[in-house]
Amino acid sequence: LLSGRETVSSSNMENNVSLKFHQQLLLISENLVTEDVAALKFLCMDLLQLSKLEGVKSAADIFKLLMAQEYLNAEDTFLLAELLYRIKCHSLLEKLGYTKEKVQERLHEKGRISPYRQMLYELSENITSEMLKEIIFLLQNHLPKRWITPSVLDLLTLLEKQGLLTKDNVQILEYICKTVSPDLLEITDCYKKAKVLCCNIFLSPDVPTAAKLLKEFRVLPPFCPKMHKRRCVFLSSEQEGTPMDGVFLFQPKVGLKYMVLEISAFFFSFLQTISSYKMDGPHTGFCLIINNVNFNSSQRKGSCKDAEQLERVFTWLGLDVRTYTDLTSEAIINLMQTWQHLQDHKDRNCFICCILSHGKSGAIYGTDDKLVSIRMLMTHFTAKHCPQLAAKPKLFFIQACQGNNIQRPVYVDTDGPTPDSSPVQERVSLLESIPEEADFLLGMATVEGCVSFRHIEEGTWYIQALCSKLQLLVPRGEDILSILTQVNEDVAKRVSPSGTKKQMPQPAYTLRRKFIFPIPMAPPPS
């Protein structure tokens, strides 16, 4: 009888675990949009039959296929965690009991997505819609005549079906990259070097020989990643246990095959770095802060707290910060013209401008209560008008209202001008506020047509969240768009004292690559 009870209890536990697991999968599936599902399908092409993947309509369909092939079950969810990590849905990892860092630590031993598939996906993430049009034109003889304009992943899949693209032959990708955007060749070159390196290390008779190969190919940077600190040592000569010209080698006792796994895992975390804007120049860049506090009819109390915090954080990030207070509309334009012609930009990696003021849709106010177009300000730094910053990232952060005023609760102020009876102005789309040229990012404190909030003592919700997340996430190597997503989440959780006012920031960008700040040596300022 006891044995029977134990059997029933065990069966109930299994059912509960299975139910919880399927609930987790359903919840994750519901939080993945069409683009995410397409990315998952592509990343699973080496694991699942293409004929079955073509019938997929949702993420749940992919999960069923993975479970049928025993890649995914309640006891082992790592493959799904890896997939979510690859498509940068990091917030969903917690539903599986993972974090981004935990996934990174286990990729070397449990990762299933091949380097080839990762390379293709990374390439797709760096191809813009304009580049795609050029690629389709180049490959028109290989494409079905009545084919609807594909996505990059659709195009890559077709090339694979036609046998024009394989893990051993990426010549067509090299041709595309060389013609459309030579910068993309870094991704394919990096893949080819790692492939040759791993093959040669497998064939090498001993660790010193493998060390020579590492030195020859120079595909690994001169530092040891945090996740591998326990497994690697610095070598700078060919003797075991000493450094070898800045190339690192793993401890011999773990074996050459394990070394290859580690190299492969590290290599593709390094891939994110080579597909980022170069930030290795002698100077990080200039950061302008325009802090408008005193207006003809109002005062933006708390704004100085924002300006001080921005100055501390961007100085910590290595930028040369210049702060300007209480500028009229004309003075703002003159300032942009001055910085537009600065020759020192040529030795800088980027340019950042933060504007703290009142505003309306698509514009900010000078202290003379006259509007200045945000687009016009940013256009001063296009490649045509500021060639020293050509192909370099230009980031603008605007703390200002973008719509009509609302009733202000106690201790919360709005970043709009004093209410008046003037008619509602025409709204300007956020995308219309940034230049069409590449390499710009515009971070707005609020969405189009809405107010943004400022605590009269603690500063604005947006700037305080931005500074907080920069200090938290830059040391982790996060790119700026990932950081701004966290800023959105932080601000969205805030509420005015009355409990009725909310705010949602909004970024717009034409960045071609990831923008990742170099990790400062000093601890965060606060």
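Author: Let's start with Ser276, which sits in the loop between helix H13 (256-274) and strand S3 (283-291). Bear in mind that this is a predicted model.

Reader: What makes Ser276 buried or exposed?

Author: Its relative accessibility is 4%, and buried means under 20%, so Ser276 counts as buried. Leaving aside neighbours within four places in sequence, Ser276 is in contact with Arg513, Lys514 and Ile516.

Reader: Since the model is predicted, what is the confidence like along the protein chain?

Author: The mean pLDDT is 77, and 70% of the residues reach 70 or more. Where pLDDT is low, the predicted coordinates should not be read in detail.

Reader: How many disulfides are there?

Author: The count comes to 0.

Reader: How many salt bridges do you get?

Author: The count comes to 14. One of them is between Arg117 and Asp46, with the closest N and O atoms 2.8 Å apart. The cut-off is within 4 Å, so that pair qualifies.

Reader: Where in the chain are Arg117 and Asp46?

Author: Arg117 is in helix H7 (residues 115-125), while Asp46 is in the loop between helix H2 (34-43) and helix H3 (50-53). They are 71 residues apart, and the pair links distant parts of the chain. Arg117 is buried, at a relative accessible area of 1%. Asp46 has 42%, and since that value falls between 20% and 50%, Asp46 is called partly exposed.

Reader: Which salt bridge does Arg117 form with a glutamate?

Author: The one with Glu160, at 2.8 Å from N to O. Glu160 lies in helix H9 (residues 152-161) and Arg117 in helix H7, so the pair ties together parts that are 43 residues apart in sequence. Both Arg117 and Glu160 are buried. Asp46, Arg117 and Glu160 are linked in a network of salt bridges.

Reader: What makes Glu130 and Lys133 a salt bridge?

Author: Their side chains meet at 3.5 Å, N to O, and the limit is 4 Å, so the pair is in. Both lie in helix H8 (residues 129-138), 3 residues apart, about one turn of the helix. Glu130 is partly exposed at 48%, whereas Lys133 is exposed at 55%, because exposed means over 50%.

Reader: Last one: which strands form the open sheet, and in what order?

Author: The order is S6-S7-S8, with antiparallel pairing. Strand S6 (359-360) and strand S8 (371-373) are the edge strands, as each pairs on one side only.

Reader: How do you know that S7 and S8 pair?

Author: Strand S7 (residues 363-365) and S8 share 3 bridges in the antiparallel sense, and pairing takes at least two, so they pair. Across that pairing, Ile364 stands opposite Val372 in S8.

Notes
Residues numbered from 1 in each chain as written. Predicted model: local features only at pLDDT ≥ 70, side-chain atom pairs only at ≥ 80, totals over all residues. Heavy atoms only, no water. pLDDT = per-residue confidence, 0-100. Disulfide = S-S within 2.5 Å. Helix = DSSP H or I, 4+ residues; strand = E, 2+ residues; numbered from the N terminus. Buried < 20%, exposed > 50% of the residue type's maximum accessible area, 1.4 Å probe, protein only. Contact = heavy atoms within 4.5 Å.
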